[in-house]
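Dear colleague,

I am handing over the structure that we spoke about, and below it you will find my notes on what was found. Please read them with the model open beside you.

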Amino acid sequence: EDLASHLPHAFEVLPPSCDTLSKTVFHQIQSLKQQCSTNSSLSSKDEDALDDGFMLCDLKIVQRKLKAWHLMFPRIKPFMALKCNPDQNVAHTLGLSPACGFDCASISEIKLALSSTGGNRKRCVYANPQRARADLEQSIKLGIGSMTFDGIEELQKIREVFDNHIEELKENGEEYESLEPPQMILRIVVPDGHSTVPLGEKFGASPDRVELLTEKAFDLGLDVVGVSFHCGSGCHDAEAYGTAIRIAKGAIDIIDSVIVRYNEMDGKKREPCCVLDIGGGYSGVDGIGGDLDRFTAISNDMNEPRFEGTTDEDETAYKVSTVVTPLVEELFPNDSSPIHIISEPGRYFVEAAFVYCARIYSAKVEKETGFRTYYISQGVQGLFKDVLLCDEIFIPIPLMVEEDDNSGTISMVNERSNGTLYESTIFGPSGESFDVVCKSCQLPEMKIGDWLIFDRMGAYTLSIAARDSSLPVRYILGGEGHVERDD
Ligand code: PLP
């Protein structure tokens, strides 16, 4: 109920319905076309966008997500996981708010986080527990103050790299006395079986190693300041966060007891743990805004059950907050606990903010059955990798256009063949027969040059499809019809 009373303020911008989304994309195509005909210095990116398609990013959705986050998780500072989508304008949008930091997994992400926060290192956490030595060296030179770890080898590496850095500064006659080694956050494994992409096999220490790892860190002269975990990306069980937070509280208690013991032993004044990092994994659907309306609209329009049951299957971020918010209050009471709680949401911020607009570059019709085949420039080895990895189903919104041969202008077509729908398959561009983006969906009659709009394309798309990272992104920044771009 509390949230409901905030809604009018939190959601100034409602995500567009299917219809307005088509119109928005059409305006983008139109403006690209206009630039094409009037501007001879058109960049090759714009030409590519018209030929191969582009991402359209609504930065207002990113802003709205941040507002919604603070309402749902008032005690928890989000550190957006840049690995999910290192788009510069998204990072700059979130970076404008001092209440948002960045989880970085690589040096390029650290640099992006620093440039988005005015160089504020406290708003970055290097949350990849395994790093190449060269990357560690760079991160220490960049002054990153906190990083996660889950094993002894990494601790030793960090100590060596830091000591080498100090030696180097000494040799060069540079200031080094004030420098401290990075503060360590211990990543533990928690149950992650209810997630689309579990991470526990790859990252995290078993909770029964907390004591040993903390002792090892102290023996090496490194401070352990907190605990982190990740319930798996696309976590479908809100209760998993509750379980994980309780396990993490147990780990914090162990670390605090080792701190007391070591302080007594060596007379140092280590402070009790001060960080709990509850990771990412939240659905791209926040569950309290317009997103669900938008998805239902798309579903109805296409007569396809793509989003039906989204609320049942998906634990929305809101559902997670109903578990997490009271629990952190119970375990870490605001007025007496020294613990700062942070989180690393990735897909939550960006999934719904990006749509992929694909231009049909080739098409075939089977005369007898009417079955149609369409070809687009991205496939399962690119933006649509989740078709293979997670059995994800992508149903596009069709956007039919007609070009005037004389003027070259385009217009939207509402209906072809009296609105008849045909069984259609959409293929990606590779020579592989498994490169199927969408099999046997119902689409109106589409032609070469028409567009297919794929919604919710912001998470692990641009960042993962490395060879596609040059895919143009166009941005919606202001009110309706106000479209600007930032190259
Ligand atoms: N934090 C860490 C350490 C991760 O490994 C990931 C994803 O792999 C994330 C945060 C972001 O997860 P999500 O996008 O599911 O929120």
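I begin with Phe73, whose place is in the loop between helix H4 (59-72) and strand S2; helices (H or I, at least four residues) and strands (E, at least two) are DSSP runs, numbered from the N terminus. Before going further, please note that this is a predicted model, in which local features need pLDDT of at least 70 and side-chain atom pairs count only at pLDDT 80 or more, while totals for chains, interfaces and linings use all residues. Residues are numbered from 1 along each chain as its sequence is written.

Is Phe73 buried or exposed? Phe73 counts as buried because it has 22 C-beta neighbours inside 10 Å; a residue is called buried if 20 or more other C-beta atoms lie within 10 Å of its own, exposed if 12 or fewer, and partly exposed in between, with C-beta atoms placed from the backbone. Leaving aside residues up to four places away in sequence, Phe73 touches Ser321, Val324, Thr325 and Ser343, where contact requires that the C-beta atoms, placed from the backbone, lie within 7 Å. Thr322 is 249 residues away from Phe73 along the chain, yet their C-alpha atoms are separated by 8.9 Å.

Ile76 has Ile341 as its bridge partner in S11. S11 also pairs with strand S10 (residues 275-277), again in the parallel sense and over three bridges, and here the partner of Val275 is His340.

A separate open sheet of four strands has the order S13-S14-S17-S18, with mixed pairing. Its edge strands, each pairing on one side only, are S13 (362-365) and S18 (436-444). Within this sheet, S17 (residues 421-427) and S18 pair in the antiparallel sense over six bridges, and Ile426 has Cys438 as its bridge partner in S18.

Helix H9 (residues 210-219) has Val210, Leu213, Thr214, Ala217 and Phe218 buried. Seen down the axis of H9, these buried residues fall within an arc of 135° (taken from the directions from the helix axis to the C-beta atoms), so they line one face of the helix. In general, an α-helix has 3.6 residues a turn, so residues three or four places apart point the same way. The buried residues of H9 pack against helix H8 (152-171), strand S6 (183-187), strand S8 (224-228) and helix H10 (238-266), whereas Leu212 and Asp219, on the other side of H9, are exposed. Just after H9, Gly221 takes a positive phi of about 80°.

As for the ligand, 19 residues surround it, and the closest are Ala81, Ser233, Gly280, Glu344 and Gly346; a residue belongs here if its C-beta atom, placed from the backbone, lies within 6 Å of the molecule. Strand S9 (233-235) and helix H14 (347-350) each supply at least two residues of this shell.

Finally, the protein chain as a whole has 15 helices and 21 strands, and buried residues make up 45% of its 487 residues. Among its contacts between residues at least 6 apart in sequence, 74% join residues at least 24 apart.

Definitions and conventions: Two residues are in contact if their C-beta atoms, placed from the backbone, lie within 7 Å. Two strands pair if DSSP finds at least two bridges between them.
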